[in-house]
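Open the model in your viewer and keep the selection tool ready. Each stop below says what to pick and what you will find there.

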Amino acid sequence: MTAVIQIKGLYKTYQKHFWMPRQTVLKGLNLEVEAGQIFGFLGPNGAGKTTTIKTLMGIIRPSAGRALLFGKDPWDIEPKQRIGFLPESPYFYDYLTGLEFLVFCGRLFNISSVVLKSRIQELLALVNLSYAADLQMRKYSKGMLQRIGLAQALINDPQLVVLDEPLTGLDPLGRKEFKDIILNLKARGKTVFFSSHILPDAEMVCDAVAIINKGKLLQVGNLADLLNARIKAIELNCRNIPEETAGKMKSRSLSSNTINGQWQFNLKAEADISGAIDLVKAAGGDIISVIPQKESLEEYFSREVAGDA
Ligand SMILES: Nc1ncnc2c1ncn2[C@@H]1O[C@H](COP(=O)(O)OP(=O)(O)OP(=O)(O)O)[C@@H](O)[C@H]1O
Ligand SMILES: [Mg+2]
């Protein structure tokens with residue numbers, strides 16, 4: 001099956017002024033996003049996320065290489081009908097109401113009035129803006145604008161939704177609602193590709209992530225695989241063990257801690273788990289839990305980007 005997004009050897013160069021040398025902002029990017037995935041496109045400021053997304057949306061031309069949507073050129077009309085897009089810091093028409101704006105967006109897709117009417121009501125409810133449908137958008141807060149932006153990205157019931165920094169400007173509740181919407185889109189078989197700086201949120205929803213820095217891809221892959229590959233320690237919690245067993249366990253552990261008769265031992269590797277459990281059991285102790293301490297996406301990201309500096 002063709003990947004929904006294919007980016008092959010993508011380069012983009014810019015010359016800010018004619019007397020300045022050309023700057024290469026995308027340096028041979030390769031990326032594939034499969035149907036049905038929630039894909040996080042992560043990178044520090046100036047990494048090239050928006051430039052990549054603009055190329056993908058057929059807004060700017062690549063200097064070399066190509067980007068494909070559903071195997072087609074993003075400058076074609078056909079793939080554009082199957083995508084929804086929320087740009088970074090979008091501009092809205094101040095004097096249109098939220099409802100008028102969505103009608104305008106729906107008409108661009110030639111959606112019939114009957115379908116459009118019910119879809120707009122659904123979308124306004126989805127993004128929690130039904131109460132503000134008749135309010136001019138100049139009176140919307142930043143979070144409300146972000147929500148109406150998401151509603152317009154979904155107006156054509158797209159198969160692929162591309163969102164550039166969708167969580168920016170939203171409060172914690174708004175971010176939670178946004179994540180629920182993204183998960184709901186996935187449950188309906190849609191593909192979501194979004195850029196973000198808010199890594200704990202990205203970690204909660206993404207199936208796969210790519211980390212980009214200075215126009216180059218540092219890492220790409222299934223999120224669970226990336227983080228599982230970097231297990232820091234395995235935390236074994238137990239109680240009712242004699243001092244002697246605690247001593248033996250300590251010598252097998254990276255570190256340990258005890259509170260109110262309960263012990264926590266941080267084992268080095270998965271291979272140490274069964275031996276440690278046997279030791280606790282043989283001494284008549286109780287195992288409470290065994291928890292792999294994975295690196296968070298934030299830690300992983302910081303290390304990858306710092307390592308590239
Ligand atoms: N139109 C342009 N002309 C010249 N340089 C540009 C242009 N657009 C982007 N750049 C440069 O390309 C680089 C990547 O910018 P881009 O906006 O893609 O980064 P980003 O990863 O989206 O960053 P942020 O997280 O801040 O949004 C930056 O160095 C930027 O200055
Ligand atoms: Mg950007």
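**Before you start**

This is a predicted model: local features need pLDDT of at least 70, side-chain atom pairs count only at pLDDT 80 or more, and totals for chains, interfaces and linings use all residues. Residues are numbered from 1 along each chain as its sequence is written, while chains are lettered from A and ligands numbered from 1 in the order in which they are written.

**Stop 1: domains**

Colour 5–82 + 158–226 as domain 1, 93–155 as domain 2 and 230–297 as domain 3. These bounds come from an automatic or database domain assignment. Between the C-alpha centres of domain 1 and domain 3 there are 41 Å.

**Stop 2**

Helices here are DSSP runs (H or I, at least four residues), numbered from the N terminus.

**Stop 3: helix 3 and helix 5**

Select 98–108 and 142–153. The axes of helix 3 and helix 5 come within 10 Å and cross at roughly 25°. Axes are lines fitted to C-alpha atoms over the stretch in contact, and angles run from 0 to 180 degrees between N-to-C directions. So helix 3 is roughly parallel to helix 5. Angles under 35 degrees count as roughly parallel, over 145 as roughly antiparallel, 65 to 115 as roughly perpendicular and the rest as oblique. Show G98, F101, L102 and C105 of helix 3 against I148, A151 and Q152 of helix 5. Contact means C-beta atoms, placed from the backbone, within 7 Å. The classes are 5 nonpolar, 2 polar and no charged residues.

**Stop 4: helix 3 and helix 4**

L99, L102, V103 and G106 of helix 3 meet L116, R119, I120 and L123 of helix 4.

**Stop 5: helix 9 and helix 10**

Finish on 243–252 and 273–282, helix 9 and helix 10, which pack at about 175°. That makes the pair roughly antiparallel.

How values were computed: Helix = DSSP H or I, 4+ residues; strand = E, 2+ residues; numbered from the N terminus. Contact = placed C-beta atoms within 7 Å. Nonpolar A, V, L, I, M, F, W, Y, C, P; charged D, E, K, R; others polar.
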